[in-house]
Amino acid sequence: MYAKRLAIDLGTTNTRIAVPGRGIVVDEPSVVAVSADTNKILAVGKDAEEMLGKTPDSIVAVNPIKDGAIASYKVTEGMLRYFFDHIAGIFSFVRPEVIIAVPAGITSTERRAVVDAAVSAGAKQAYIIKSPVAAALGAGIPIGTPSGHMIIDIGGGTTEVAVISLGDIVVSESARIGGEEIDQAIINYVRKKYKLIIGLKTAQKIKHKIGSVVTQSKEKTLEVSGSNSVNNLPETLYVSNNDVAQAVGNVMSDIISSVKLVLQKTPPELAADVIDKGMVMTGGGSLLRGSDQFLAKITGIPCQVADDAPNCVVKGAEIALERLDDFKEKVLWLK
Ligand SMILES: Nc1ncnc2c1ncn2[C@@H]1O[C@H](COP(=O)(O)OP(=O)(O)OP(=O)(O)O)[C@@H](O)[C@H]1O
Ligand SMILES: [Mg+2]
């Protein structure tokens, strides 16, 4: 029994929390509804998302995490407190020890802010794990071995590419691109090609239902509605999987650039391991069809998407918690 401990993936798009032995207990959008007048937090997660769009202008949506770091300290603290209280209600414990996964590329000041927010939200102690390490652990990669393992985590706001050996990061790159840029690329493309203005939710629906990184011989289409950009009237038309492949080209090129940068900086022996074992993708963004194929084709290195890719980071943080004593010295930071 590992009581009073929580593993947290504080993502740009989603916050996930796991309790060792019990699995994932929170999986909610990182969104908070705040009163514009009083700054009071009105709702968190799915409730906040549902509230928005159906409420007056006096309620605003805040995404407290931006590109993997805290954009609004108070709101992050409030969101964490809300989740801690929710979990305390189920498991009847207070002041947990927590491990929080953060991008490898954030500064020590940004890291400290995460620890401070968790402690003021009610954690007794907060450790930080670099998210590529957590992602690799959660993907089942034996990170402790003296061999190079390459992980590519594509989230909502960040893409992290890292080579890990002996439990730590040897080379890494964080790019501030991810699923959100893909949504925006789809919006821009549909507007340009079809003169149709679509909303974010519609773009995400296209991405999830028919989206693909590579052009496919079998065309799939989806009926979408929006407003005509010329006359502003409502309009419905069909968008295809191959439209998405065209739309996401630039975002994928940026991701490839990060992968290439990491490969160029990887010491030869470890690079040989990567070529041998291939690259592993995690994060929600890796679910876009064909992204593994695309990366493999461009780099010439085999690539596969991990099982349960969106949850690898939180699962890896959970594994680190279970082995806290092994990890404390080497892998985790206190501040
Ligand atoms: N089936 C899918 N196809 C394509 N994209 C998907 C799919 N499912 C989820 N996504 C995208 O994955 C992204 C969220 O991924 P994830 O939850 O890993 O991000 P995060 O951890 O919150 O963000 P970050 O790691 O950047 O801080 C969103 O942009 C979402 O639209
Ligand atoms: Mg993430």
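**Ligand shell, domains and sheet of a predicted model**

Helix 6 gives the largest share of the shell around ligand 1, namely three residues. Helices here are DSSP runs of H or I with at least four residues, strands are DSSP runs of E with at least two, and both are numbered from the N terminus. The model is predicted: local features need pLDDT of at least 70, side-chain atom pairs count only at pLDDT 80 or more, and totals for chains, interfaces and linings use all residues. Residues are numbered from 1 along each chain as its sequence is written, while chains are lettered from A and ligands numbered from 1 in the order in which they are written.

Helix 5 (179-194) and helix 6 (200-210) each supply at least two of its residues. There are 23 residues around ligand 1, and Gly 11, Thr 12, Gly 155, Gly 179 and Gly 284 come nearest. A residue counts as near if its C-beta atom, placed from the backbone, lies within 6 Å of the molecule or strand. By class, the shell holds three nonpolar, 17 polar and three charged residues. Ala, Val, Leu, Ile, Met, Phe, Trp, Tyr, Cys and Pro count as nonpolar, Asp, Glu, Lys and Arg as charged, and the others, Gly among them, as polar. Ligand 1 lies between domain 1 (5-134 + 312-330) and domain 2 (142-305), because both give residues to its shell. The domain bounds come from an automatic or database domain assignment.

The centres of the two domains, taken over C-alpha atoms, are 25 Å apart. Their contact takes 16 residues from domain 1 and 19 residues from domain 2. Contact requires C-beta atoms, placed from the backbone, within 7 Å. On the domain 1 side, helix 4 and helix 11 (312-322) each supply at least two residues.

An open sheet consists of five strands in the order 3-2-1-9-10, with mixed pairing. Two strands pair if DSSP finds at least two bridges between them. Strand 3 (23-29) and strand 10 (125-130) are the edges, each pairing on one side only. Strand 9 (residues 97-102) and strand 10 run parallel and are joined by six bridges. One bridge links Glu 97 to Gln 125 in strand 10. Helix 4 (residues 131-138) packs on this sheet and touches strand 9 and strand 10. Its direction makes about 80° with that of strand 10. Axes are lines fitted to C-alpha atoms, for helices over the stretch in contact, and angles run from 0 to 180 degrees between N-to-C directions.

Note on methods
Contact = placed C-beta atoms within 7 Å.
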